[in-house]
Amino acid sequence: MSEDWLVRGRRPLELTDIIAGVERVAPEITLRADAGGRAVVLTDDDDRPVAWVCQSREVRLPLGTDRALPDGARAGDRAVWTEVVGPSDRTAPPFRSAPALLGAVARSLAEVTEGTADRWSSGALPPDGTGGAADAGLDRTAAAARTAARGPRPDPAGREERDVPVDVVTDQLAILVQSRPVLSVTPWIALAQEWAAQRDLLLVVLTPTTTAVTPQLQQHLDATGAVWIVDGPHGMYLGSTGQRLSWSADGFDVLPEVDPASDPVAEDRWTLVLQAETTHPFAASTVVGEFTRAVCAAAGHAPPTRMGLFEPPESDFDPATLTAYAKKVSPGPARLLLEGPTLDGAVELVPQPIGVVERVTLLADVETSAGPMDDEAVRSFVRGVLAAGGQVALAGYRRTTGARLVPARVTGPTFPRVVTLARSRFPTLGDEEALRLGGSTARLVADPVAALVVPIDLRPDEPVPLEDNPAVWWARFVEAVGHHDGHRHAARRARRD
């Protein structure tokens, strides 16, 4: 399991700072850059990594997001953050344990930058610094995957890799064990994901039941194909659905039953979910990000204040900067995290044959939007999104911890309150079929653009109906209308050409 520390200083750590800080507490450790140049690696006498010092980055903490921070960090603070991470089973003289080594290095680096060091790992830390029983249980669970696998992944060059930023590697999986109370998108998570993807391995993030993830991390894991697995008292289960798992030669098997440790609790609260997308033309004048602002306004929320690759996002939310970044990484997709006082999420910019798709997903506080969406709020949302050029949009509800965090238990799917589709996006979808797929509440509108609107009489404080379940309807609806999606047809034509 990783031992994680965070250094919060007044300036970025330079290489000379890291050398001086490490020399002060562990003079026998050597330093070198990792293979990707993303971190400084601290190694023992056998050149085995005992710690990674990730690149420093400047952050400013906006209001409403202190839930993902260590003790002492306050909203509005400006600081430079540096992650110091290492495997929990390795150390170097004169330290007897990884927690002792990582803690000494982090505190020494904090002194260099006139800052502080905080331990992010949540496992118990006895006086001898060897870690707690919960940590050992997670490590045993991860190690069991190696036993069930067909064997270790062979190295084509016949050499054992040195810089492995995960805890267990099999021929199918790269398992990263994390025990933070709140897990977010950090440089260390991104480094592990990149390492796994380069080797065609599935990244598994293994946590205890006490860990919650941010909405941005859940979206990041879904977007990259990674899996969140929870180690509970009765075994393992998927963090997203609660389905039990078992390690196997193919990685893991998903079992039909739901683990009781994933049962929802009364304290979980409803959170507003906003999903919308539009398509921009390939033109020099195109600016992305204004649509994201319009979606927030249509739902009665202020726009995001920050955006970035990691949490907390490192830059002010600015459509011009977002546009420049998307052009820089094109023709590849761009994905940036969003954060604001009342919402969290991400915006994706995906070049398609027909244009650049801007897709935004946000979780927003129900309480700060004057309670659940009434009929007037639904009409305002639909009109605002369509007027801004929206082609597909949903406003609905899902359950979270109340701090917009996703806990390690079943919070249910998204239950739609209203769905709207611009007819121009679905040219082969006729009126009759559109109304049939939408159901009894569906209607066709012409203003501000021709669209199908499906309001659903659902309140988050009322029981969800077992029959005609809105979440089930939504899944079937997406599949059915997808056959009429003009973007999908354009992509097929592009592949043929």
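## Contact between helices α1 and α2

In this predicted model, Asp 17, Ile 18, Gly 21, Val 22, Arg 24 and Val 25 of helix α1 meet Ala 104, Val 105, Ser 108, Leu 109, Glu 111 and Val 112 of helix α2. Sorted by class, the contact of α1 with α2 comprises seven nonpolar, two polar and three charged residues.

Two packed helices are described by the angle between their axes and the distance between the axes. Here, the axes of α1 (residues 15-25) and α2 (residues 98-112) come within 8 Å and cross at roughly 130°. Helix α1 is therefore oblique to α2. The crossing of these helices is right-handed.

## The ten-stranded sheet

An open sheet is formed by ten strands with antiparallel pairing, in the order β19-β18-β20-β21-β22-β17-β23-β24-β26-β25. Strands β19 (315-316) and β25 (443-445) stand at the edges; each has a single partner strand, so one side of each lacks a neighbour in the sheet.

Within this sheet, β20 (residues 334-339) pairs with β21 (residues 343-352) in the antiparallel sense over six bridges. Opposite Val 347 in β21 stands Leu 336.

## Helices on the sheet

Helix α6 (residues 290-298) packs on the sheet and touches β17 (269-280), β20, β21 and β22 (355-365). The direction of α6 makes about 35° with that of β22.

Helix α7 (residues 319-329) lies across β18 (306-308), β20 and β21. Relative to β20, helix α7 runs at about 155°.

Note on methods
Residues numbered from 1 in each chain as written. Predicted model: local features only at pLDDT ≥ 70, side-chain atom pairs only at ≥ 80, totals over all residues. Heavy atoms only, no water. Axes fitted to C-alpha atoms, helices over the stretch in contact; angles between N-to-C directions. Helix = DSSP H or I, 4+ residues; strand = E, 2+ residues; numbered from the N terminus. Parallel < 35°, antiparallel > 145°, perpendicular 65-115°, else oblique. Left-handed = near helix turned anticlockwise from the far one by under 90°. Contact = heavy atoms within 4.5 Å. Nonpolar A, V, L, I, M, F, W, Y, C, P; charged D, E, K, R; others polar. Pairing = 2+ DSSP bridges.
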